[in-house]
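Here are my notes on the model, point by point. Please read them with the structure open.

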Amino acid sequence: MLEVKAVSKFFDDFAALSGANLTVPDGSIVAVIGPNGAGKTTLFNLITGQLKPDRGQIVFSGEEIQHLPPHTICHRGIARSFQIANVFPRLTVFENVQVSVLSHQGQSNRLFRPASSLLVRETTEILESVGLGRQGRRLAGTLSHGDQRTLEIAIALGSQPRLLILDEPTAGMSPEETAATLELIKRLARSRGLTILFCEHDMDIVFAIAQSIMVMQHGRTILQAPPDEVRQNRQVQEAYLGGVDA
Amino acid sequence: MALFIVVVLLLPIFAPSFYTYVFALVMVNGLLAMSLNLVLGYGGLYQFHHGVFYGIGAYAIALILTKSPVPWWLAFIAAPIIAALFGLVIGWICIRSTQLYFGMLQISLGSLVWIITSRWYDFTGGDNGINNIPMPSFLTSGKEIYYFILAVLAISIAVMYRVVKSPFGATLQAIRDNPQRCEAIGVNVRHHQLIAIVIASFFAGVAGVLYVGLERSVFPDMLFWVLSLEVFVMCLLGGWFTFAGPLVGAGIIVILRTFVSIYTEYWTMIEGIILILLIFFLPQGVVGFALGRVGRKAQAAEETVQVSERGAKV
Amino acid sequence: MAFGQDLVGAVTSQLLVGLSRAMILFVVSAGLSFVLGVLRVPNIAHGSLYMIGAFAAFTITALFGQALPGFWLALILAPLAVAVVGLILERALLSHLYQREHLMLILFTFGIMLILNDLVKIGWGAEYRSIVPPDNLTGSLTIGDLPLPRYNLFLLIVGPIVAVAMWLFVNRTRIGKISRAAAVDREMVGVLGINVSWVFAAAFVIGCFLAGLGGALIAPTTSITLGMDRTVIMDTFLIVTIGGLGNIWGALIGSLIFGLTQSLGLLLWPQFAVVFPYAAVVLVLLARPKGLLRSVW
C-alpha cells in the first residue's frame with residue numbers, strides 16, 4: 001500500500017534522512033523504531049507532505065505522492081496524529097472531529113449552511129468509537145492529556161483514511177491510558193480494516209501489536225522484518241544496547 | 001436587549017441629530033471592526049492593514065459617483081466588490097507568508113495603495129480627498145442615512161453570522177487554532193484563508209460605502225496604517241473571540257472619542273492608556289469578560305443541579 | 001554638452017541626497033531591526049522615540065547655543081535621553097508582557113506610541129521647530145563644479161560608523177553575543193544561566209538609543225513636528241521587512257533601496273517620487289517574501 005524508496009532529507013548540511021526504505025502492506029500494522037534523532041518523525045512528515053524529500057520516492061496505492069501538498073495527500077487516504085497533542089483547543093471536542101469529517105466530505109467551503117446540523121451522525125459515531133462520546137461539548141483545550149491524544153486519533157479518523165499514521169501514540173500517557181490506547185489501535189485496525197503505521201519508544205507496545213518492524217538509525221533503515229526476526233538481529237541489539245546515542 | 005433594539009430603532013425620532021450621527025458612526029466602525037474580526041479573531045491572521053479595504057470601498061464609491069455616469073445603486077454594489085478584489089490580490093500575495101511576515105507584507109502593500117492615493121491629485125484628489133459626493137435623493141437627511149446604515153449593518157451581521165457558523169467558519173477557526181493539523185486533515189489552508197480575506201475585505205468595503213453615505217467625503221488617512229491599528233484596538237476592546245465584541249468595542253471607542261474630544265485635545269493619549277490597561281487587565285475584552293462570567297455562573301449552576309440530583313438519588 | 005553636465009550634476013546631487021537620507025533611515029531601522037531580532041517585537045513606538053530624539057535635540061541646542069557645543073551635545077544627549085525613556089518603558093511595563101501572546105506585545109507598543117504622541121504635544125506643542133547645525137557642517141563643499149552640502153557628507157560618515165559599531169557590538173562584546181544568541185535560540189540563553197530579561201532590556205534600550213540618534217541626526221535637515229513619527233515608522237518597518245527581519249545588514253540594504261529610489265525617482269517623475277520606494281518594496285517582497293537577507297528567526 002505504501003512504499004518509501006531510498007528517501008533522503010537534508011536540513012542545511014545535516015542529513016535527517018539518508019536512504020530510508022519502508023514497506024507497509026495493505027491491512028498490516030507496521031512500527032518504526034529507532035533511537036531519538038533517528039529520523040522517525042521526519043519520515044512521517046515526508047509521507048504526509050509536511051516536508052518534501054530531497055531524494056527518493058514515496059508511492060501510495062501505486063502513485064508517487066512525494067510532490068503533493070499535505071491536504072491532497074490526506075484526501076488520497078493517509079491521515080495522521082502528531083507527536084505532541086495537536087488538537088484545536090478553542091473548538092469543542094465535537095467540532096474538532098466534525099471539521100475533519102467536513103473536510104473529508106468536501107464541505108469545508110460551504111458558506112451559508114449552519115455547520116451544527118451537518119454530519120452529526122458521522123461525527124458522533126467516530127467520537128463514540130474512541131470513547132469520547134460523552135465529552136462532545138467540552139472545549140478540546142480543557143481535556144486531559146490522554147484524552148487529547150485520543151481526540152487526535154478521532155480527528156484523523158474523520159478523514160476516513162485507509163492508512164493511519166500515529167507518531168508515538170502513547171507518549172506521556174499513564175499505564176492505564178496506554179493500555180486503553182493499545183486496545184483502541186487494535187480495535188480500529190480490526191473493525192475498520194485500517195492499515196496502521198506508527199512509531200513508539202515503548203518496545204512492549206511495539207512487539208505486542210506490530211506485524212512488521214522497521215528499525216532506523218542515523219536517518220538510515222537498518223532493516224525491516226517481522227518482530228521475531230528483529231528481536232534476534234545483532235545489529236539492532238547493538239543499536240539499542242550499545243548505547244550509541246540512545 | 002429588546003429595549004436596546006427599540007432605542008436603536010427609534011433613536012433618530014427622539015434624539016438630537018448629533019446623537020443620531022454619532023450612533024451611525026458607531027455602526028460604520030462596528031461593521032469595519034466585525035469584518036476585521038472575521039480574519040483576526042476567527043481566522044487568526046495578522047491582518048495589520050485592514051483599513052485599506054475600508055478606504056478602497058469608500059474611494060471606489062466616491063470615484064464612481066463623482067466621475068462616472070454609473071447609476072447610484074450599481075455604485076453601491078460595485079464598491080464592496082472592488083474592495084473584495086483588492087482583498088483577493090493583496091491576500092493572495094500575503095498568504096504566502098505567515099504571522100508577522102504576513103502582517104508586514106500587508107502593511108507594505110497597503111502603504112503602496114495609500115501613497116498612490118495621496119499623490120494622484122488628478123484622479124483621487126490627493127491629500128485633499130474627495131468632498132461633496134452626491135448621494136441619491138432618498139439618502140439626504142440624517143434620519144434616512146441612519147436607517148440605511150442600520151439596515152445594511154443588520155443584513156451584514158446576519159450574513160457574517162451565517163458564515164461564522166457555517167462549515168467554512170468552523171474550518172477557519174480550526175485553522176486559527178492549528179494550521180498544521182488542519183492541512184493534515186485535508187484542508188487547503190491558504191485557499192481557505194484567502195477566501196476569508198476576500199469576505200472580510202468585502203464587508204470592510206461595505207463599511208467604507210456607508211462611511212461615504214454618512215460623511216459624503218473621503219480622504220487618504222482612511223488608508224493609513226494608524227486607522228487599521230485603531231480597528232484592531234476596537235476588536236481587542238470588545239473581545240476578539242466573540243462575535244459581537246468588535247461592535248461593542250467600536251461603540252465604546254467612537255462614543256468615548258466623540259465626547260472626550262469635547263473636553264480635551266489629548267484623546268490619543270487616553271486611547272493609548274485604555275489600550276495598555278486592556279492588555280494588562282482585560283485581554284479577553286469587555287464582551288469576552290462578560291461571557292466568561294455568565295459562562296462560569298451557568299457552569300456553577302449546572303454543577304449544583306448535578307449535586308442536588310445526586311443528593312436526591314442518595 | 002551643457003545639458004549632459006546638468007544631468008550629471010542633478011544625478012550626483014540626488015545620489016548624495018538619497019544616500020544621506022538612507023543613512024538616517026539606516027540608523028533608525030537598525031534599532032528597530034535589533035529589537036525585532038532579539039525581542040521579536042516590532043516596536044511601533046520606535047517612530048515616536050525618533051520624534052522625541054529630534055525634539056530633544058532641538059531643546060538641547062536651544063539651551064547650549066546653536067553652534068558649539070549645542071549640536072554636538074545634542075547628538076550625544078538626545079539619544080541618551082531617549083534610551084532612558086526606553087529603559088523606563090521596558091522595565092516598568094513591557095518586561096511584564098514577555099510571556100503573553102505576540103499580538104499583545106505589538107499592540108502594547110501601539111499604545112505607547114499613542115501616549116508618547118500626546119506627551120510630545122504637551123511638552124513641545126504643535127508648532128514647527130528647526131535647528132541649524134554648527135558652521136563647519138553648514139554650506140557646501142565644492143568638488144569640481146558640484147556643490148555638495150556638508151551636512152549630507154557628514155551623514156555619509158555617520159551611517160557607516162553606526163554600522164561598524166553595531167557589528168562590533170554584536171560580534172565582539174559579551175552582551176552583544178548573548179543578545180544575538182537570544183535572537184536565535186531563547187531557551188539556550190536561559191539554560192546558560194543568563195537572565196534573559198536583562199538581555200531584552202539591553203536590546204530594547206539600544207534600539208531606543210538608535211531611534212533617538214536618528215531623530216537628532218535628521219533634526220537639522222527638516223522641520224521638527226508632530227506626525228514625523230508616523231511616516232518614519234512605516235518606512236523603517238518596510239526597510240526591515242525587505243532586509244530580513246532582525247538582520248542589521250538587511251536594514252542597511254533596505255535603507256539604501258528606500259533612500260535611493262526616492263531621490264532618483266524625483267528626477268524621473270517628481271509627482272510620484274515618494275511612490276517609488278514603496279513600489280520597490282513590493283517588488284522585492286514579491287520576489288523574496290522573506291526579505292533579501294536571511295532573517296534571524
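1. Start with a definition. Two strands pair if DSSP finds at least two bridges between them. Strand E1 (residues 2-11) and strand E2 (residues 14-24) of chain A pair in the antiparallel sense, over eight bridges. Within that pairing, A:Ser8 has A:Ser18 in E2(A) as its bridge partner. Bear in mind throughout that this is a predicted model.

2. The turn of this hairpin deserves a look. Two residues lie between E1(A) and E2(A). A:Asp12 takes a positive phi there, near 50°. E1(A) also pairs with strand E4 (residues 55-60) of chain A. That pairing is antiparallel and runs over five bridges. In E4(A), A:Gln57 stands opposite A:Lys5.

3. Next, the six-stranded sheet of chain A. The sheet is open, and its order is E6-E7-E8-E3-E9-E10. The pairing is mixed. Strand E6 (78-80) and strand E10 (220-225) of chain A are the edges, each pairing on one side only. From one strand to the next, the twist averages 20°.

4. One parallel pair within chain A can be checked by residue. Strand E3 (residues 29-33) and strand E9 (residues 212-217) of chain A run parallel, joined by four bridges. A:Ile33 has A:Val215 in E9(A) as its bridge partner.

5. Now chain A as a whole. Chain A holds nine helices and ten strands. Its C-alpha atoms fill a box of roughly 55 × 40 × 30 Å along the principal axes. How does the radius of gyration of chain A stand against that of a compact globule with 246 residues? The globule would have a radius near 18 Å; chain A has 18 Å, so the two agree. Of the 246 residues, 45% count as buried. Among contacts in chain A with a separation of 6 or more, 66% are between residues 24 or more positions apart.

6. On to the assembly. Two pairs of chains are in contact, and chains A and B share the most contacts. Chain A and chain C do not touch. The nearest C-alpha atoms of chains A and C are 14 Å apart.

7. The contact between chains A and B takes 35 residues from chain A and 23 residues from chain B. On the chain A side, helix H2 (70-76), E6 and H3 each give two or more residues. H3(A) gives the largest share, seven residues. By class, this side of chain A has 15 nonpolar, 15 polar and five charged residues.

8. Why is H8(B) described as largely enclosed by the rest of the structure? Eleven of its eleven residues are buried, so the description holds. The buried residues include B:Phe168, B:Leu172, B:Arg176 and B:Asp177. What covers the buried residues of H8(B) includes helix H3 (93-104) of chain A. Helix H7 (142-165), helix H9 (179-184) and helix H10 (189-215) of chain B also belong to that cover.

9. The contact between chains C and B takes 29 residues from chain C and 31 residues from chain B. Helix H4 (102-124), helix H9 (228-243) and helix H11 (275-287) of chain C each supply at least two residues of the chain C side. H4(C) gives the most, with ten residues. By class, this side of chain C has 22 nonpolar, four polar and three charged residues.

10. Strand E1 (residues 140-143) and strand E2 (residues 146-149) of chain C run antiparallel, joined by four bridges. C:Ser140 has C:Pro149 in E2(C) as its bridge partner. Two residues lie between the strands, and C:Gly144 takes a positive phi near 65°.

11. Last, a single residue in chain C. C:Val162 lies in helix H5 (residues 150-172) of chain C. Is C:Val162 buried or exposed? C:Val162 is buried, because 20 other C-beta atoms lie within 10 Å; 20 or more is the cut-off for buried. Leaving aside neighbours within four places in sequence, C:Val162 is in contact with C:Val27 and C:Ala30. C:Ala30 is 132 residues from C:Val162 along the chain, yet their C-alpha atoms are separated by 9.0 Å.

Definitions and conventions. Residues are numbered from 1 along each chain as its sequence is written. Chains are lettered from A and ligands numbered from 1 in the order in which they are written. This is a predicted model: local features need pLDDT of at least 70, side-chain atom pairs count only at pLDDT 80 or more; totals for chains, interfaces and linings use all residues. Axes are lines fitted to C-alpha atoms, for helices over the stretch in contact, and angles run from 0 to 180 degrees between N-to-C directions. Two residues are in contact if their C-beta atoms, placed from the backbone, lie within 7 Å. A residue is buried if 20 or more other C-beta atoms lie within 10 Å of its own, exposed if 12 or fewer, and partly exposed in between; C-beta atoms are placed from the backbone. Ala, Val, Leu, Ile, Met, Phe, Trp, Tyr, Cys and Pro count as nonpolar, Asp, Glu, Lys and Arg as charged, and the others, Gly among them, as polar. The radius of gyration is taken over C-alpha atoms; the globule rule is 2.2 Å times the number of residues to the power 0.38.
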